[in-house]
Amino acid sequence: MITITTAEQTLIAQSKAIARQWGFTYLSAPFLQDDSFFLQLSPHQSGTQQLQLQQNNKNSPGAIAVDFSSGQSAHRRLFGGGKGQTLAKAVGLNKTPLPVILDATAGMGKDAFVFASLGAQVILMERSPIAAALLYDGLRRGLLDKEISEIIQRMTLIHGDTRLKIGR
């Protein structure tokens, strides 16, 4: 079971709501054992808040969050090579105008964002509630960003499992 927390008194109610939405446990800090993973709701530079996955360890690599507005996502959107990219060619974006693409293992949504930035409608499926919650949070913040909100509107998240259940 994953725990969600916040260090901000003003974000406690929202942290508890996220816990209920995704089936997480809310605990107030400090509570964690070394090496445990947890989600934290923190203020974000955009003036809203950001959900982050963190490890409670002084040697941890740092927080993981979905952010379509900056970093690698912004670079790929601005300088990625358009429909000539290998990823775009692999799904036929260079041949089929505005397809609907199912990203059956959405993860952090990086590939789906590329597809949507090239005009495709993208359905993102993610079975992990942790990854889905981080992705949902990134999409929520992306809708508030004027530069990418049109792209984000072409992305639909479904929390579910796309694996086939074949009877045995």
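**Exercise 1. Which residues have the most contacts inside the largest nonpolar core?**

Step 1. The largest nonpolar core has 37 residues, and Phe68 and Met155 are those with the most contacts inside it. A nonpolar core is a set of buried Ala, Val, Leu, Ile, Met, Phe, Trp, Tyr and Cys residues joined through side-chain atoms within 4.5 Å. Buried means under 20% relative accessible area, exposed over 50%, and partly exposed in between (1.4 Å probe, protein chains only).

Step 2. At least two residues of this core come from each of H1, strand S3 (37-43), S4, H4, strand S6 (121-126), H5, helix H6 (149-152) and strand S7 (155-159). Helices (H or I, at least four residues) and strands (E, at least two) are DSSP runs, numbered from the N terminus.

Step 3. The model is predicted: local features need pLDDT of at least 70 and side-chain atom pairs count only at pLDDT 80 or more, while totals for chains, interfaces and linings use all residues. Residues are numbered from 1 along each chain as its sequence is written, and side-chain values use heavy atoms, with hydrogens and water left out.

**Exercise 2. Determine how many aromatic pairs there are, and describe them.**

Step 1. Rings of Phe, Tyr and Trp (its six-membered ring) pair if their centres lie within 6.5 Å; planes under 30 degrees apart count as stacked, over 60 as edge-to-face and the rest as tilted. By this rule there are two aromatic pairs.

Step 2. Trp22 and Tyr136 form an edge-to-face pair, at 6.0 Å centre to centre and 65° between the planes. Trp22 belongs to helix H1 (residues 12-22) and Tyr136 to helix H5, so the pair ties together parts that are 114 residues apart in sequence. Trp22 is buried because its relative accessibility is 13%, whereas Tyr136, at 41%, is partly exposed.

Step 3. Phe68 and Phe113 are stacked, with 4.9 Å centre to centre and 20° between the planes. Phe68 is in the loop between strand S4 (49-55) and helix H2 (71-79) and Phe113 is in helix H4 (residues 110-117), so this pair ties together parts that are 45 residues apart in sequence. Phe68 is buried, at 2% relative accessible area.

**Exercise 3. In which sense do S3 and S4 pair?**

Step 1. Two strands pair if DSSP finds at least two bridges between them. S3 and S4 pair in the antiparallel sense over seven bridges.

Step 2. Leu53 in S4 is the bridge partner of Leu39.

Step 3. S3 and S4 form a hairpin with five residues between them, and Gly47 in the turn has a positive phi of about 95°.
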